[in-house]
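Here's a quick briefing to read with the structure open beside you. Have a look around the model, then work through the points below.

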Amino acid sequence: MGIRTARLGFGSGMAWAWMAAAAAATGPMVPMEQVGPQPRAYSDKMPRSVALRSYAQVIQVGPGAKHQSVGGALASIKDASAAKRYAILVAAGTYREAPVVMKPWVDLYGGFDPGDWKSRDVYRHAAILDAQKKGPVVIGADDARIDGFVITGGEQQAHGGGIVCDGVSPTIMNNVIAHNQTLKPTIGEGLGKQIANEGAGIALLAGSRAYVANNLICENSTEIGNGGGITCRGKVQAKILRNVFCNNVAGSKDDQMFHGKVGSRSSPGGAIACSEESSPQISFNVIVLCSAPINNDAGGIWVEGNSSPLINYNWVVGNTSGDDGGGIYCMGNLYYTDDGERFDISPDASVAVEDNLIAGNDTVRGGPGGVRASRFGRIDLRRNWIVANEKGGAHAAEGAMLCVMENNVTADNGAKRTPATPKFRLTGDITARKFDARGYVTEIGTSAALGKEHALAGAVVRIGKQWSVVKSNGPSSLTIWGKFTGEAPQVELLDDYAAPAEPRTAAK
């Protein structure tokens, strides 16, 4: 059962207290309204505009404009510099271009209503960049920004299906990055843990310091390769902040035999993968319903190869791996020779995993569902909520260590042969359900009285066997991140878990 702490009380009309507990114990989680694309100002009354005064020149793309393609507008710019920055505004529509090659000192903004270049809504007036499976959608550049697009249809047999940042560091904000793919390479028979084709949504490579914030990264997949949502490989120092990762898959076709089992184990990290001394900041993200199936590890976040990212203030909920670490998996420096001989080396530093909510994660055959350190990996766990994960909460094996276990709430996790025993604050019948593909949310009507509007934002829910996080709510409705499968008749809201008064030194 793990460590069960006292419950917070509920006053009349209060439906959810977990966020209050988090604020008191760990400092505030970011408000849910600030996570994911920001199509409007926080008041939701005045459309969010682009400040154009700082630009030397503004170019418009869309019906009736001088340029009808993003590529054409970029090609027309010959003299951009730090002293002469350009903005390209793109109206709603579908732009079938592959790839869009960004330029230094040129910023791209999508989501404008044709004929109205003063305000925008990146959902309602979607500017869609569709590569039509003819390569990656976007090639990044230094000192450049891409903001407010739907980035889709990317596919290649290399790193990066949606956006490729190879040694460059653009700003990537307020985009919907969906339905991109990397194709599998040829892997030698019997070999495992190989570098394949990674980063179906975004590939951050070779020292990239990209700023990746407020994006919706959903339903991207690698056939064989790390990082269904994002891969960080090669001393990457990026910032990955306030994004939503939903239903991404690493290794959808990683089915080659290795050590007598199906799966080459070359596709960990359903949402994010960090390799080769990459240490990005991973903060304030919602990571739900992602997976690394077929004998792979880390449905949520994968760390290897002397990488030491800061992982804090994230919701890591309802992710699944084929083997170990459904939520988070950290290991040391493992590699195989061409003859299949394995070597393990300890990393230089521990991975800081702090102030996260890690709940409802699972593994198919391994364990634990929550957090796993293995093969000389090192993790410092501080002030996390590790609750209701199948097959265990946090565990280290094969020379790995949980170096610090400090002030975590570890409760109601399962074990290898014992299911988790989550406590639920509220259960209601589902009276209506609808998947909104534009915002990548599932809208649920329920018989339960949910109380004040938006009071449940950030709450954890279970529908059938799937878990996710509430984006917003009404008195009898929930808007939940991600796509749910199946027709379960009820929705359940996970209980609150208060912070412990004393440091904890062990976890199941």
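**Cavity, cores and rings**

Sorted by class, the residues lining the largest cavity are 6 nonpolar, 2 polar and 1 charged. Bear in mind that this is a predicted model.

**The cavity**

- Looking for holes of 30 Å³ or more, you'll find 1 cavity in the structure.
- The space inside the largest cavity comes to about 30 Å³.
- Its lining is made up of Val303, Ser307, Cys330, Met331, Pro347, Ala349, Val351, Gly377 and Arg378.
- Arg378 is the charged residue in that lining, because Arg counts as charged.

**The nonpolar cores**

- The largest nonpolar core has 71 residues, and Ile88 and Leu204 are the ones that touch the most other members.
- Strand 2 (residues 86-91) gives this core its largest share, with 6 residues.
- There's also a second, separate core of 50 residues, with Ala359, Trp481, Leu493 and Leu494 among them.
- Back at Ile88, if you skip its neighbours within four places in sequence, the contacts are Ile59, Val61, Ala73, Leu74, Ile77, Val106, Asp107, Leu108 and Tyr109.

**The aromatic pairs**

- All told, the structure has 6 aromatic pairs.
- One of them joins Tyr55 and Tyr109: the ring centres sit 6.3 Å apart and the planes meet at 85°, so this pair is edge-to-face. The angle qualifies because anything over 60 degrees gets that label.
- This pair ties together distant parts of the chain, 54 residues apart: Tyr55 lies in the loop between helix 1 (18-26) and strand 1 (57-61), while Tyr109 belongs to strand 5 (residues 106-112).
- Tyr55 and Tyr109 are both buried.
- Phe112 and Trp117 make up another aromatic pair, this one tilted, with 5.9 Å from centre to centre and 40° between the planes.
- Phe112 has a relative accessible area of 1%, so it is buried.
- Trp117 also counts as buried, because its relative accessibility is 17% and the cut-off is under 20%.

**A buried glutamate**

- Is Glu492 buried or exposed? With a relative accessible area of 16%, Glu492 is buried.
- You'll find Glu492 in strand 50 (residues 490-494).
- Setting aside residues up to four places away in sequence, Glu492 touches Phe424, Leu426, Thr427, Val460, Val461 and Arg462.

Notes. Residues are numbered from 1 along each chain as its sequence is written. This is a predicted model: local features need pLDDT of at least 70, side-chain atom pairs count only at pLDDT 80 or more; totals for chains, interfaces and linings use all residues. Side-chain values use heavy atoms; hydrogens and water are left out. Helices (H or I, at least four residues) and strands (E, at least two) are DSSP runs, numbered from the N terminus. Buried means under 20% relative accessible area, exposed over 50%, partly exposed in between (1.4 Å probe, protein chains only). Contact means heavy atoms within 4.5 Å. A nonpolar core is a set of buried Ala, Val, Leu, Ile, Met, Phe, Trp, Tyr and Cys residues joined through side-chain atoms within 4.5 Å. On a 1 Å grid over the protein atoms alone, a cavity is a set of points where a 1.4 Å probe fits but cannot get out, and a pocket is an open set with protein on both sides within 12 Å along at least five of seven lines; lining residues have an atom within 4 Å of a point. Grid points are joined across faces, edges and corners, and a volume is the space filled by probe spheres set on the points. Rings of Phe, Tyr and Trp (its six-membered ring) pair if their centres lie within 6.5 Å; planes under 30 degrees apart count as stacked, over 60 as edge-to-face and the rest as tilted.
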